[in-house]
Amino acid sequence: MFRGKTLCQSWIRSALALTTPQIQTPRVWQLDDRTTTTVVTAAQQKKQQHLFRGMATGSETKAQPPKHNNRLASSKSPYLLQHAHNPVDWYPWCEEAFERARKEQKLIFLSVGYSTCHWCHVMEHESFEDAETAAVMNKHFINIKVDREERPDIDKVYMQFLLMSKGSGGWPMSVWLTPDLAPLAAGTYFPPKARYGMPSFTNVLESIAKKWNTDRDSLLKAGSTLLQALVTNQNAAADGEAAFEPGSADAKLAEALGVHQQRFDQQHAGFGREPKFPEVPRLNFLFHAYLVSKDVDVLDMVLKTLDHIGRGGINDHIFGGFARYATTRDWHNVHFEKMLYDQGQLMAAYANGYKLTRSDLFLGYADRIYEYLIKDLRHPAGGFYAGEDADSLPTHADTVKVEGAFYAWTWQEIMEAFQEQKTRFNDVSPERAFEIYTFHYDLKPKGNIPPSSDPHGHLTGKNILIVRGSEEDTCANFNLEPEVLKQLLQTANDILHKVRDQRPRPHLDTKIICAWNGLVLSGLSKLANCGTAKRDAYLQTAKELLQFLRTHLYDAEKQLLLRSCYGAGGEDATLEQNAVRIEGFLDDYAFLIKGLLDYYKASLDMSALRWAKELQETQDKLFWDDKNGAYFFSQQNAPNVIVRLKEDHDGAEPCGNSVAARNLTILSHYYDEDAYLQRAAKLLNYFADVSPFGHALPEMLSALLLHEHGLDLVAVVGPDSPDTTRFVEICRKFYIPGMIIVHCDPQHPDEACNQRVQRKFKMVNGKTTVYICHDRVCRMPVTDPAQLEENLMDNFFKERI
């Protein structure tokens, strides 16, 4: 999604000497390594034992053992380490590579991906592991590998160029740069031989090299022109004519709802056709939009989407957690990688869905995400790893990985597992349990995956679990009581979970990313606020995560966040940092601040609120554009970053500016500081010309609604006592997007962050008293918990699903 200031695609295409078609892989956003030494530590050697070694089709020969290390062998990034034995003369993103390119006057080939990326693995095996292809690359180019999750600043700059020049993007991202880092041509995946309507990778390489040698001046001119256009676009001022006026939020809300209703898939839910992403920022906006509009059709869009995602193949029914996206419109077939940012956001979305509906189904999906995070993605010290791969070995004897091997099932495998564990079904025979299970999850003897959605044939004869009906349908079909079905499915999935854990596990990306852990902190906090029996466990996990981030990803002396650190997986408590540390980007600050604000609401821990304020001050200093407003993604004068971008799109993750607009609005009320509101207003106006605003920036539209309509202040006045805790817990159980909770303790008035609120509200008749105010207009005080819950039910609950 591009703003009016952005270059038109047709002009860019005319400036490019080469048009390179690519697979239309989906858009998501995320990073690289600057280390240049080649010493390999014991810990790195241990990591390399788990690295991906080849794949693509079942007919390929087995990969040969690595013969040498290239410069990536000293990296901490799991993605760079996966390429450490390629015959390609890879460099990490570093000055040594740029200096060589300038000295030898060679183009740079930049390859960007991430360690759990399916198509990245395909291109590595087909091209980067091939000696002949590597020889062409080494002869004509300086070759650089970047982990998009480690260096999102590099990824975003060149992804913007790719999107503008091609209209679509994805990973692996392939970009050719001048020695001065100006982009000349770009694509995504290229096959080793011409197919899919695409030229072969070697032909593309040789064509670009020939153009560079025979018509260098035109390429340099085009690169310089494009680079200047990108810089000019990012430095443009806000459009004064498009600035938001009073009432703008309602108009933008109506426009956005119209677009979302038009794109909503009435049959399968979600938006658009395949591929389908959860798009949680869009779901968050629709929750908020429902409370503003009171239109149950708006609520139905988000509830149906969460329901279809939960029943779909994108959900790991065996244990928990969600795959990154579905390749089919009905959410059945998927790319199986599980990313941390999805888990954190979906945990929060299902918690919010539960608060609005009290649906145990939604609460169950959220809790199963939690259980997955604890078992499979958690570092022993409390942080969470980046994700798990889509591909894995079918058996321990295999050497070639295939997609979905860990997650898909043959009919026979399930039947045999049930027979072997038949005593666990109690009075139900394993044959009947199998019949019920296969009916419920739509399993077929010859597999349930259409060949059209399985291009490599990796899933031939396999089944992906999906609930096409409902629990009620299954109960009716087999004359079962709901509790009997529930217990049978739990038992069956536990049996299969134990079987699955004996399979070779997918590769684990042991990078611990600050921003994504901020999203998990939000999810844990919202789940803790649901008022369930597991509140203490959720909150303790959130507390330990916060402590991890403060200990390992924060420089307290300089008050700076770090982007990431690196674990070893399993119970190994090892933690490492890059030799050249990568400081946090806008998303790291914005997402963590949001997590801290949510954690404060769940815990009333003032230290979290104070750290959020401290981080906001650093964010303003490092990323704020004093001249034009809004936040840049990267710091000023970051080395070898040719453009400081301002993102204007909420995708698989919200953009940092959207989250920052919300954070500023909330902080302004916690600390009673208008300066935060003024900064939020300037930020919002910078993006006012994005169109359609609420479709491109749904999370930011939610922030605009809060900024214009005001927040809901819950002031709980009373000592630190069980009564006060009870009132706070009642408020937490409801989905109120603009709710802030302030505890006014008469015994400790000096500790309040908002002295105006502390002075204004008093206890009534010596009882703990709750004041609910919207935009500084307050209702009558409440001293009865039952009355408080009734008032909140009337305004913030809808029993509808």
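A cavity, as the term is used here, is a set of grid points where a 1.4 Å probe fits but cannot get out. In this predicted model, the largest cavity has a volume of about 450 Å³. It is lined by 34 residues, and those closest to its centre are Asn-352, Lys-526, Lys-594, Asp-598 and Arg-662. By class, this lining comprises 16 nonpolar, 10 polar and eight charged residues.

Two or more lining residues come from each of α11 (280-293), α13 (340-357), α19 (514-528), α21 (586-603), α23 (656-671), α26 (698-709) and β18 (739-744). Among these contributors, α13 supplies the largest share, six residues.

Since a residue counts as buried when its relative accessible area is under 20%, the accessibility of the helix can be stated plainly: 15 of the 15 residues of α19 are buried, so the helix is largely enclosed by the rest of the structure.

The largest pocket, an open set of points, has a volume of about 1300 Å³. Of its 39 lining residues, Asp-360, Leu-361, Gly-364, Glu-471 and Lys-486 are the closest to the centre. The elements that give two or more residues to this lining are α12 (296-311), α14 (360-377), α17 (471-478) and α18 (482-500). Helix α18 provides the largest share, with nine residues. The lining divides into 14 nonpolar, 12 polar and 13 charged residues.

Strands of a sheet pair through backbone hydrogen bonds, either parallel or antiparallel. Here three strands form an open sheet in the order β8-β9-β12, with antiparallel pairing. Strands β8 (338-339) and β12 (508-509) stand at the edges, and because each has a single partner strand, one side of each is left without a neighbour in the sheet. Strand β9 (residues 387-388) is joined to β12 by two bridges, and these strands run antiparallel. Within this pairing, Gly-387 stands opposite Asp-509 in β12.

Technical notes:
Residues numbered from 1 in each chain as written. Predicted model: local features only at pLDDT ≥ 70, side-chain atom pairs only at ≥ 80, totals over all residues. Heavy atoms only, no water. 1 Å grid on protein atoms, 1.4 Å probe; cavity = no way out; pocket = protein on both sides within 12 Å on 5 of 7 lines; lining within 4 Å. Points joined across faces, edges and corners; volume = space filled by probe spheres on them. Helix = DSSP H or I, 4+ residues; strand = E, 2+ residues; numbered from the N terminus. Nonpolar A, V, L, I, M, F, W, Y, C, P; charged D, E, K, R; others polar. Buried < 20%, exposed > 50% of the residue type's maximum accessible area, 1.4 Å probe, protein only. Pairing = 2+ DSSP bridges.
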